[in-house]
Amino acid sequence: MTTTQTSVVHDLGTLAHRLSHPARTPCVCEPPQVLADRPDGTVVRSGAIVAKAHAADTDRAALTARIALAAAPQLAGILLPPLTAPEPAAPTARPVTLWPLGAPVDPTDPGAAPWAEAADLLARLHRTEPPFPLPPMRGPAKAARAVARMRAALRGDAITPPRDPAVEPGDATAPPRDPAVLSVLAGWRALPAWARGEAPAPAPRADALCHGDLHLGQLVRHPAPDGPWLLIDMDDAGVGDPAWDLGRPAAWYAAGLLAPEDWSTFLDAYRAAEGPAVPADGDPWPALDVPARALTVQTAAVALAKCAAEQRDPDDHEQLMIESCARIATLPPELATGPAS
């Protein structure tokens, strides 16, 4: 951990402790606990308070709108409400938000994963009229950042063909350094511009209220430990195509990482709650195809970036997502250009 990271963790722990611990009482609190420490979010818990430092390059006006969304009465029972608005800070400091502690999904008990509850929360979110103007959902932008992160982590070594005196640099006949990276990039290029964050989502599916980064780590029980499930982490929320929020489970199912019965539970619960992202019956894939492809590429790109940083080979789950990129890069584009997505 760098000196800067250590300072951020310390400051967050102090802030959370100050709010969690009654003033002028003897302190018997446990030391603050780091729940996450990444460039896009450092999260520290003290007692029943969680403090989060958002990315340094966060759009602060957009973050303020997203935090206000989590506090809006219309979203009560769907989103975990914040304790405060973003903390005022110097222009160069990372913005900070404060949250009540919730109990997360237990990663050691896959059979208890709340797929039905997650689907119901998503459907209710998607059906809610945005209570005030919001920025676009950041899902496609997050996918683009994942691909950029992969490129940066590999420093071009696995993307640029090796130099060969007999072959001009950049010549298509030069052998690739890493087929896995080329598969991810091919899958990325096969997506429509809106899924790469380069254009608005197609109407009329561009104005639904979306979470933007749905996975099981984005659910907590509040009050802990047995309260109802709620969605957390609004950094990517906004208006956009609601199918994006179903894209990661769909991608996992297509890659063989999500059991068919869990996928059916999720999809059936979403439809039962009248979620607008897919038709009420029939084939859901014309609506889910583009988001599922994009999130497959995103997941594989993040995996390759981590592998490069940690100097290791992909694990079995990461390899499945990378192999999925190779497959989707060869698929015909009909679904990607259909009006449903």
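**Helix packing, core and single residues**

Guide: H6 and H8 are roughly perpendicular to each other, a label given to angles of 65 to 115 degrees, whereas under 35 is roughly parallel, over 145 roughly antiparallel and the rest oblique. Their axes come within 7 Å and cross at roughly 75°, the axes being lines fitted to C-alpha atoms, for helices over the stretch in contact, with angles from 0 to 180 degrees between N-to-C directions. This is a predicted model, in which local features need pLDDT of at least 70 and side-chain atom pairs pLDDT 80 or more, while totals for chains, interfaces and linings use all residues. Residues are numbered from 1 along each chain as its sequence is written, and side-chain values use heavy atoms, without hydrogens or water.

Visitor: Which residues meet between H6 and H8?

Guide: On the H6 side they are Trp244, Leu246, Gly247, Arg248, Ala250, Ala251, Tyr253 and Ala254, and on the H8 side their partners are Trp285, Leu288, Pro291, Ala292, Ala294, Leu295, Thr296 and Gln298. Contact here means heavy atoms within 4.5 Å.

Visitor: And how many residues of H6 are buried?

Guide: Of the 12 residues of H6, 9 are buried, so this helix is largely enclosed by the rest of the structure; buried is under 20% relative accessible area, exposed over 50% and partly exposed in between, with a 1.4 Å probe and protein chains only. The buried set consists of Trp244, Asp245, Leu246, Gly247, Arg248, Pro249, Ala250, Ala251 and Ala255, and what covers these residues includes helix H3 (115-127), H4, strand E6 (208-210), H7, H8 and helix H9 (316-328). From first C-alpha to last, H6 reaches 17 Å, close to the 16 Å expected at 1.5 Å a residue, where the expected span is 1.5 Å times one less than the number of residues. Just after H6, glycine 256 takes a positive phi of about 90°.

Visitor: What about H4, and which of its residues are buried?

Guide: Those buried in H4 are Gly139, Pro140, Ala143, Ala146, Val147, Met150 and Leu154. They cover an arc of only 115° around the axis, which puts them on the same side of H4; that arc is taken from the directions from the helix axis to the C-beta atoms. They pack against helix H5 (179-189), helix H6 (244-255) and helix H8 (285-310). Just after H4, arginine 155 takes a positive phi, in this case about 50°.

Visitor: Stepping back, how many helices and strands are there?

Guide: The chain has 10 helices and 9 strands, taken as DSSP runs numbered from the N terminus (H or I, at least four residues, for helices; E, at least two, for strands). Of its 341 residues, 46% count as buried, and among contacts between residues at least 6 apart in sequence, 71% join residues at least 24 apart.

Visitor: How many residues are in the largest nonpolar core?

Guide: That core has 81 residues, and those with the most contacts inside it are Leu219 and Leu231. Its largest share, 10 residues, comes from H8. Apart from it lies another core, of 11 residues, among them Val8, Leu12, Leu15 and Val96. A nonpolar core is a set of buried Ala, Val, Leu, Ile, Met, Phe, Trp, Tyr and Cys residues joined through side-chain atoms within 4.5 Å.

Visitor: Where is leucine 214 found?

Guide: Leucine 214 is in the loop between E6 and strand E7 (219-221), and at 3% relative accessibility it counts as buried. Neighbours within four places in sequence aside, leucine 214 is in contact with Leu122, Leu219, Leu231, Asp245, Arg248 and Pro249. Leucine 214 and aspartate 245 are 31 residues apart in sequence, with their C-alpha atoms 5.5 Å apart.

Visitor: Lysine 52, then: buried or exposed?

Guide: Lysine 52, which is found in strand E3 (residues 49-54), counts as buried at 11% relative accessibility. Beyond four places in sequence, its contacts include Leu12, Val96, Asp233 and Asp235. The C-alpha atoms of lysine 52 and leucine 98, 46 residues apart along the chain, are separated by 6.4 Å.

Visitor: And where is arginine 196?

Guide: Arginine 196 lies in the loop between H5 and E6 and is buried, with a relative accessible area of 17%. Not counting residues up to four places away in sequence, arginine 196 touches Pro140, Ala144, Trp188, Arg189 and Leu191.
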